[in-house]
Amino acid sequence: RIEMSFKVPNEKESRAAIGGHYKAHQFQIDDPTDVEERTGIDIISQALDPVSFAPMRSPDGSDWVSHHHEDGQTFQEWLVCDYNKVSDEGRDTIYLVPLGSFAVDDHPDFLQHVLQYARAFFPMRVEMLDVVEIPEDQITSRKNTGTFRKQYLTGDLMKMLREMMPSNAYCTVGITMTDLYPKESWNYVFGQASLSKRSGVYSFARYDPLFWDEDRPNDWYSTFLLRSCKVMVHELLHQFKMSHCIYFNCLLNGSNHLDESDSKPLHLCPVDLRKLHHAIGFDPIHRQEKIVKFLSDFQLEPLEWHKKRLDHLL
């Protein structure tokens, strides 16, 4: 791949990407007594204050933006991109579709844990359908020449998901424990989404030490769950026609490899949080409380940052 020339936006450019003129027309405070006399505009303005968000780090030669051209997407650019609206034609539900076996030793509730986080992150209806077996005669597959593991072609899986999409689906996205690839020239991909066709698929395979023929350490499930939640919400955000972020250290930064994915935070930067808030409409405090509870229940690493963020909003 050709190495790209990328320059991290400066502070002025990043602040401009957030935009101004905050509106709270879709925002209702869940419990007004918790926020005294503050208005919805006050709270979302505070949630979008960029002071406590780190800028995107300068990439090295192996990182995503070193190999993929990214222009970035400001709030205003997203606003005019004809994004899929949650209320369009009654499409108000995100559907997660488990594809194939999900045998996670000693953690039979893994899929429910993933669903729990999706519901905390996206304050809208999120449901999980029954496990769907992958029809081997209809989905293209190959054996990866490096890992010797089976991989499915993402385009075939997304086509299958579109054909089974419920009528009230905002989007239908598949999750799998089998590795993926988007085209023959690529080694693998964590996930892929169609921004216009309301479908996507992502794999948790490479987050399991067993994929690499390594033993699972005692704390493996915490790392596995964190990585799985991160790639899941990243790909779901693409369903809202959000492009990769270049302005801050953000969940929506692109990832070219596992170390880069691990370096990304679990939170959205102010630019992309504003997009999500505009698309769905939610109480930032109530949403943050749910995320903190989830991270606390599983003692996941980003907990302290999210606690401080909640304190900042209260």
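This is a predicted model: local features need pLDDT of at least 70, side-chain atom pairs count only at pLDDT 80 or more; totals for chains, interfaces and linings use all residues.

1. Helix 5 (residues 154-163) lies across strand 4 and strand 6, and its direction makes an angle of about 55° with strand 4.

2. Those strands belong to an open sheet of 3 strands, in the order 3-4-6, with mixed pairing. From one strand to the next, the twist averages 35°.

3. Which strands stand at the edges? They are strand 3 (141-143) and strand 6 (179-181); each has a single partner strand, so one side of each has no neighbour in the sheet.

4. Looking at one pairing in detail, strand 4 (residues 150-153) and strand 6 run parallel and are joined by 3 bridges. Tyrosine 152 has leucine 180 of strand 6 as its bridge partner.

5. Now for a helix pair. Helix 9 (residues 284-298) and helix 10 (residues 303-313) have axes that come within 9 Å and cross at roughly 155°. Angles over 145 degrees count as roughly antiparallel, and therefore helix 9 is roughly antiparallel to helix 10. The crossing of helix 9 past helix 10 is left-handed.

6. Which residues make that contact? Helix 9 contributes Pro284, Ile285, Gln288, Glu289, Ile291, Val292, Leu295 and Ser296, while helix 10 brings Leu303, His306, Lys307, Arg309, Leu310 and Leu313. Sorted by class, the contact of helix 9 with helix 10 has 8 nonpolar, 3 polar and 3 charged residues.

Methods:
Residues are numbered from 1 along each chain as its sequence is written. Side-chain values use heavy atoms; hydrogens and water are left out. Axes are lines fitted to C-alpha atoms, for helices over the stretch in contact, and angles run from 0 to 180 degrees between N-to-C directions. Helices (H or I, at least four residues) and strands (E, at least two) are DSSP runs, numbered from the N terminus. Angles under 35 degrees count as roughly parallel, over 145 as roughly antiparallel, 65 to 115 as roughly perpendicular and the rest as oblique. A crossing is left-handed if the near helix is turned anticlockwise from the far one by less than a right angle, and right-handed if clockwise. Contact means heavy atoms within 4.5 Å. Ala, Val, Leu, Ile, Met, Phe, Trp, Tyr, Cys and Pro count as nonpolar, Asp, Glu, Lys and Arg as charged, and the others, Gly among them, as polar. Two strands pair if DSSP finds at least two bridges between them.
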